[in-house]
Amino acid sequence: ETVISNLHVLEELDFKYDRDTWNKWVQSASAPPLAPVKAAYEAIFAAGYSVAFVTGRHGDERDATQANLKFAGLGEQCGEAAPQCGGTREGGASVPACYRRLVLRETPEQQAMFASTYKPQARAVLEEELNV
């Protein structure tokens, strides 16, 4: 994980992989944020930029992933009316943190790819969709 900590479950598994334990952990949506990443996220957001998450998780884990991002203090997905959702409102009121998009592996083809292949492709599609 890059944004939330999976250290607890890795230690529980003695740094091995067990699908059932891992899936239960994902569904628990209880992973804490990685503090330096959360601080960077908050700084980026406060500067008026929006953030998109590209994850190797599968599409059927979307609800749990969104719940975990919220639990970790990273907010919810921004409304489509807010192309850039960071910063403050007039009068200095803070805007609650939100992210622009959560991209997961939706297809069997994406799920079969190495992360080093999937994530750059997903970022390229995202950049094209968002015109960045």
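The buried residues of helix H4 (62-71) are covered by elements that include helix H2, strand S1, strand S3 (98-99) and strand S4 (101-105). Here, buried means under 20% relative accessible area and exposed means over 50%, with a 1.4 Å probe and protein chains only; helices (H or I, at least four residues) and strands (E, at least two) are DSSP runs, numbered from the N terminus. The model is predicted, so local features need pLDDT of at least 70 and side-chain atom pairs count only at pLDDT 80 or more, while totals for chains, interfaces and linings use all residues. Residues are numbered from 1 along each chain as its sequence is written, and side-chain values use heavy atoms, with hydrogens and water left out.

Within H4, the buried residues are Ala64, Thr65, Asn68 and Leu69. Viewed down the axis of H4, they fall within an arc of 135° and so line one face of the helix; the arc is that of the directions from the helix axis to the C-beta atoms. Asp63 and Phe71 are exposed on the other side of H4. Just after H4 comes glycine 73, with a positive phi of about 85°.

Helix H2 (residues 19-28) has Thr21, Trp22, Trp25 and Val26 as its buried residues. These cover an arc of only 135° around the axis, which puts them on the same side of H2. Arg19, Asp20 and Lys24 are exposed on the other side of H2. The buried residues of H2 pack against helix H1 (7-12), strand S1 (52-58) and H4, where contact means heavy atoms within 4.5 Å. Alanine 29 follows H2, and its phi is positive, near 50°.
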